Amino acid sequence: MSLFFTKKSEVVKMVEDNFGPSEDYLVALKHNNPVKSGLKWLISNLYYVMDSSRTFILYFDHKGIHEKEISLSDHADFILIPWNEVEEFTIKDKGSKAILSVNHLGKTYSYSADFDGNLMRGNRERFLGLKEKNFYRENF
């Protein structure tokens, strides 16, 4: 599966199969900061293209962030990043997208949740709902 071949209905089914009917998820792309992007581009254009087009489903609940990469296969399971292991969680709303950065045990992962595009449709509304719920980060 990939950004170009995944259907919105397939994403909804993956979320429902694992968590039940819910709007507590975002479809996101891997995000690299400008310095990291530039270094990867210099190393290899092919690596840059492959790395920057990785697509994820991020599901949020009281336990933490459940991450599933859908850019290569839909057979992978969701991986839990527990809130008590998240050292820092930041959100930057850029208008047409939100950049989410998660520092999990010293390693930072960044995601770009775009609000435009067929697969990303509904991301803005789900993002605002999650933001209102503080992404279920109650005690952290």
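**Figure 1. Lys133 and its salt bridge to Asp24 in the predicted model.** Lys133 is partly exposed, with a relative accessibility of 41%. The model shown here and in the other views is predicted. The side chain of Lys133 meets that of Asp24 in a salt bridge, with 2.9 Å from N to O. The two residues are 109 residues apart, so the pair links distant parts of the chain. Asp24 sits in the loop between H1 and strand S1 (25-30), and Lys133 sits in the segment after helix H4 (123-132). Asp24 counts as buried because its relative accessibility is 9%, which is under the 20% limit. The structure holds four salt bridges, and this pair is one of them.

**Figure 2. The salt bridge between Asp93 and Arg124.** The side chains of Asp93 and Arg124 meet at 3.0 Å, N to O. Asp93 lies in strand S5 (residues 86-93) and Arg124 in helix H4, so the pair ties together parts that are 31 residues apart in sequence.

Figure 3. Asp17 forms a salt bridge with Lys13, and the closest N and O atoms are 3.0 Å apart. Both residues belong to helix H1 (residues 8-19). They are four residues apart there, so about one helical turn separates them. An α-helix has 3.6 residues a turn, so residues three or four places apart point the same way. Asp17 counts as exposed, at 55% relative accessibility.

Figure 4. H1 has 12 residues, which at 1.5 Å a residue should span 16 Å. The end C-alpha atoms of H1 are 17 Å apart, in agreement with that expectation. Which residues of H1 are buried? They include Val11, Met14 and Val15. Seen down the axis of H1, the buried residues fall within an arc of 95°, so they line one face of the helix. The cover over the buried residues of H1 includes S1, strand S2 (55-60) and strand S3 (64-69). On the other side of H1, Ser9 and Asp17 are exposed. Gly20 follows H1 and has a positive phi, near 85°.

**Figure 5. The sheet of seven strands.** This is an open sheet with antiparallel pairing, and the order of its strands is S4-S3-S2-S1-S7-S6-S5. Strand S4 (79-82) and S5 are the edge strands, each of which pairs on one side only. Neighbouring strands of the sheet are turned by 30° against each other on average, direction ignored. Helix H4 packs on this sheet, where it touches S1, S2, S5, S6 and strand S7 (107-114). The direction of H4 makes about 110° with that of S1.

Figure 6. S5 pairs with strand S6 (residues 97-104) in the antiparallel sense over seven bridges. Ile91 has Leu100, in S6, as its bridge partner. S6 also pairs with S7, again antiparallel, over eight bridges. Which residue in S7 is the bridge partner of Ile99? It is Ser112. S7 pairs with S1 as well, in the antiparallel sense over two bridges. Leu29 stands opposite Ser112 in S7.

**Figure 7. The hairpin of S6 and S7, and His104.** The hairpin of S6 and S7 has two residues between the strands. In this hairpin, Leu105 takes a positive phi near 55°. His104 has its place in strand S6. Is His104 buried or exposed? His104 is buried, because its relative accessible area is 16% and the limit for buried is under 20%. Leaving aside neighbours within four places in sequence, His104 is in contact with Ile81, Pro82, Glu85 and Tyr109.

Terms used: Residues are numbered from 1 along each chain as its sequence is written. This is a predicted model: local features need pLDDT of at least 70, side-chain atom pairs count only at pLDDT 80 or more; totals for chains, interfaces and linings use all residues. Side-chain values use heavy atoms; hydrogens and water are left out. Buried means under 20% relative accessible area, exposed over 50%, partly exposed in between (1.4 Å probe, protein chains only). The expected span of a helix is 1.5 Å times one less than its number of residues. The arc is that of the directions from the helix axis to the C-beta atoms. Contact means heavy atoms within 4.5 Å. Two strands pair if DSSP finds at least two bridges between them. Axes are lines fitted to C-alpha atoms, for helices over the stretch in contact, and angles run from 0 to 180 degrees between N-to-C directions.
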